[in-house]
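Here's a quick tour of one interface and a few salt bridges. Have the structure open while you read.

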Amino acid sequence: MHRVTSYVLRRLVGAVPLLLGISVISFAILKAVPGGPLAAYEANPNITPEDIVRLERAFGLDQPFHVQYLTWFGRLLGGDWGHSYASSQPVLAMIGERLPNTLTLMGTVYVVTLLIAIPIGVATATRQYSRFDHLVTGGTFLAYSMPPFWLGLLLIILFGLQLRWLPLGGMTVPGATSFDLVDRLRHLVLPVTTLALFGTAHYVRYLRASMLETIGQDYLRTARAKGLGERIVILRHALRNASIPLVTVAALDLPELFVGALVTEQIFGWPGMGRLFWDAATRADYPVLMGILVVSATLVVLANLAADVLYAYLDPRIRFA
Amino acid sequence: MAMFIFCACAPTATHTAPGGAAIANSGPVRGGTLVFSLWQEPAGLLPNFASQTVAGIVASLVVEGLTGTNSDGSYYPVLATQVPTLANGGVRLLAGGGMDVSYELIPNVRWSDGSAFTSADVKFTWETYLKDPKVITKDGYSAIEQIDTPTPTSVVLHYKQIYGPYLTRFTGLLPKSLEKEADLSRSEYNRKPIGTGPFRITEFVAGDHITAERNPTYRVPDRPYLDRIIFRSVPSREAAIAQLKAGEVDGMWNLLEAQVPEIAPDPKLRVIATAGATVERIELNLAKPADPADPAVRHPVLGDRAVRRALNLATPKQQIIDKLLFGKAQIGTSPVSQGWASPKGLAQEPYDPNLANKVLDEAGWVKGADGVRAKGGVRAALTIMTTSGDKVREQTEQVLIDEWKRVGIELSIRNLPSDVLLSGTFANDPRKRGNFDLVMYASTPGIDPQTTMLRYTTAGIPTTANGGAGQNFTRFANAEADAAIAGASATVDQPKRAELYARALKLLNDEIAIIWLYDRQTIDAFRATVRGPTGSVWLGITFNAQDWWIGR
Amino acid sequence: MAFDRFRQHRVAVASVWVLAFLAVTAAAAPLLSPYDPERTNLLLIFEAPSWSHPMGTDSLGRDLATRILFGGRVSLALGILVVSLALTIGVSVGAVAGYYGRAADAVLMRIVDMMYSFPRLFLLILFAVLFGGKLITVVVVLGILSWMTTARLVRATFLSVKHREYVEAARALGARDREIVIRHILPNSVAPIIVAGTLGVAGAILAESTLSFLGLGVQPPTPTWGNMLKDAQSDMSVAPWTAVFPGFAIFLAIVSINFIGDGLRDALDPRHPTKRSVDHG
């Protein structure tokens, strides 16, 4: 375990320049975007040009790029993520308000995805070339190719507008005062379906492939020869080994899912990070945008690291070098 | 697009609200919760700290000011007992060029935290607006030298100079109890302001909803009718409409004209369309486009008044209104479409493509083999810009390409995102640079038109020399108009000001520097059971929320 | 041989026909449709699908079928352009990193890591806001954000091949770096590049339509499948067909490209575990 710790530490140290680079580039891009956070004021007949100049100074927008970046970075090191230009709220608190909602969405998507993908993946692999296998593999391709926003629209048209079975968006019924699980689940159905379809297809394909590879291997033949039931062989031996790459894929998918939530949250009005980013992007709210980029880039780095560590942990053939 | 300071003011009971009274047989029902959806989210609710229309929709339930504005542009008192004018002695012009404005406050008014509302709060509001670097405008507040509070219910504002739009200030007051806050915009009051209005904010869940509960200290007896209004955050107008139709919400803010036909036929729903001050226009660059443009060099095509006249004649405004806006707009006539300064009888020539062709023929613009006119080697090919993603504007462009082709003028499109096109910075904004042929956008004048009128003065032409200041994007320059606009700002005599503005606007329209497309309406929708909302030209739909109730 | 293997993948073969159909109809759009994709007709707004407008009309009375054909030109061309750009960058970076190793490798792979760590869509949105919605800028932005997988693939091949005997032999015979790379090493990575490139086209089409859907892609009036869907968002309750058909076009293109990619993988890389994953008709 000692070696693992030092490996993790080394990887974390290695990630520092990476994150620094990302923050500089993001900051530069944001600054290059024309308009800026005060653009909205320009059309306001009550705001004078002097007001604009004064506000620019108040927000430090009149400073040269490197000064603005260093100021931002210096405060970040001190734990101050800055305040939104638009709402004056602390960025960390704003992210804190939204992150749990996005995590709820993503967590449900993961659970649903795995609950569906694992049995199907196992079933197809054990019945290779059967009609069921063909059906599933064909189905995964279709699901894989479905643009998520289109799927979202179709689901809204069908279940929201036509059948009126499910709410069209939001996270709770308006006016709800306490947490209501049924209500929350009803609101989760459509966005989770939109996001989970792709993931399910992805995992079924992975699981099927790695199961097929494992099933053919010697030790399973040995297990069978020892007289173990096929069910036990498959579940205890094949699935366990086949799930190693799945764990990696799941960890690597984390940031993808995080980003995928942007479009889904936008369609379904889910009050998560994606919508926060979108609102901030349209308002050129730099501190919020930078905060989200830092959080998500860190998430990517950690997910990559987790994937590597998990992989090595589950597969003893790999050594931490 | 048009984001303006929200005027956070709700009228007192003295301001009649026809919606509430108009219902016969059954009287207003007390109690209940109304869910109102907003497709934008207020960033903060403190008055004069945000430039978001939607913030005013929520804040006006809570925050009140000294005065409010009626739809006709006249003022009514809110927390003051009367509107101070020269006539009633509330305004006194001083010998040194300054003026004093005295307000008498309504007694026994309480803030939602229970403390008393006094003249000290007015003074505190002024002090905050002066010293806080984050307020969006100090205009008008910095013109005040000193505020005296002789009694708790009287306040005297000493202006350094004559300041015409004095009644447009102090429309959102702050309680003195906030003086302990080091940074008001970052305090919790930005989300839960303390006000004197009919409601108070009890919950602000970003991205999801804002709850306003009835304010127990509200001064008007038996108001508000509703117990609670919940503002639900939705990602788009489309989502809001769907939820309204599905009965998930009781009302929604700000529809597009094109969405009205989706709602109007439904007997369970009601559309409230109110004339608005926003004027959609196409501004024509009189100067030759360059980066930046030199106003002295005429535009090779648009520099010819005959071309400008023909373009206006070939613009089917009524058809655009009927087909793209579903009739929910008026043909535009000037930038000041509402209020006391709105001029009468300034209509532009109506749609007549045949006349347009004739005008161009006579002016020597000859159709070439490709159907596009030319004169002296210059092809009549123009580019129009507008904000990308705005459906009605993009649709209008399509119509114009078609229509103008028929009179031999080639139009192409180069749209930019609104944060570039309307950025307002000399570095980026093509309107400021003068680097465009035609630009379609909307602008909303304030209740006092002076700032809007400065857009049509020679001094308002953005150039490198003046650092890009000013918003005279068409580069219209006329000494007589300059004089009229300057004269209007130097007096507090309202009829005189209106007349001078009208003179300047007539000169502007004679030049046909701008094609006034249409005056937009603000459109909100409710379930038919919701009674009381009436709409207002200058204030948001919620201005009379204390009179709303839900019928059966 | 590879071609024979591909032909056995019946779905992939069928997908080639579907894609070819999409491409040919898009290319021949002006011949196939009597309508102008940008010609508005305010009297024919939201016509339901009929014989004269098989997919109905949109909010400006434009023929939806025509716009889908013309939109296909943009979407398909964009997919190919993006992949060409991504492959060019990816192959160059991967080759340099893999062949020269050491500092070049370290630096380039750090950049690859960094590009991977950027949340792609976030960056895409920022770039799109920054550079505006012209076709060329969308292509460049998408290309710049999608070369990393190719770079890694190519680098991996180079690392495994560059010390093989025939490469050493060529070097001993005085071949230049350039020649070694192009004649001897690169051909080894052609198979995975082709597969990655094919799937990349699908990814690019999806990314463009996502951007357009958010209002940041290719700007109207130029139709793309993505910006048609964006319009449909506001029209779908009145005219659901405006949402159904463009989305189906995207879906059809992506699904056939994915099947072709799968077929190519089976054909070019027989050892791949997903071999013969789909072989029914």
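## Ground rules

A residue is called buried under 20% relative accessible area, exposed over 50%, and partly exposed in between, using a 1.4 Å probe and protein chains only. This is a predicted model, where local features need pLDDT of at least 70 and side-chain atom pairs count only at pLDDT 80 or more, while totals for chains, interfaces and linings use all residues. Residues are numbered from 1 along each chain as its sequence is written, chains are lettered from A and ligands numbered from 1 in the order in which they are written, and side-chain values use heavy atoms, with hydrogens and water left out.

## Where chain C meets chain A

Counting contact as heavy atoms within 4.5 Å, this interface draws on 45 residues of chain C and 47 residues of chain A. Together the two chains bury about 4100 Å², with 82% of that on carbon and sulfur atoms. Buried area here is the accessible area (1.4 Å probe) that two parts lose on being put together, summed over both.

What about polar pairs? There are two residue pairs in polar contact between chain C and chain A, both at pLDDT 80 or more. A polar contact is a pair of N or O atoms within 3.5 Å; within protein, one must be able to donate a hydrogen and the other to accept it, and residues adjacent in sequence count only if both atoms are side-chain atoms. On the chain C side, α5 (102-117), α6 (120-131), α11 (190-213), α12 (225-235) and α13 (241-268) each bring at least two residues. Helices are DSSP runs (H or I, at least four residues) and strands likewise (E, at least two), numbered from the N terminus. α13(C) gives the most, twelve residues.

## Salt bridges

Take a salt bridge as a side-chain nitrogen of Lys or Arg within 4 Å of a carboxyl oxygen of Asp or Glu.

Within chain B, B:R309 and B:E349 meet at 2.7 Å, N to O. B:R309 sits in helix α6 (residues 305-313) and B:E349 in the loop between β13 (329-331) and α8 (353-362), so the pair ties together parts 40 residues apart in sequence. B:R309 is partly exposed at 24% relative accessible area, and B:E349 is partly exposed at 32%.
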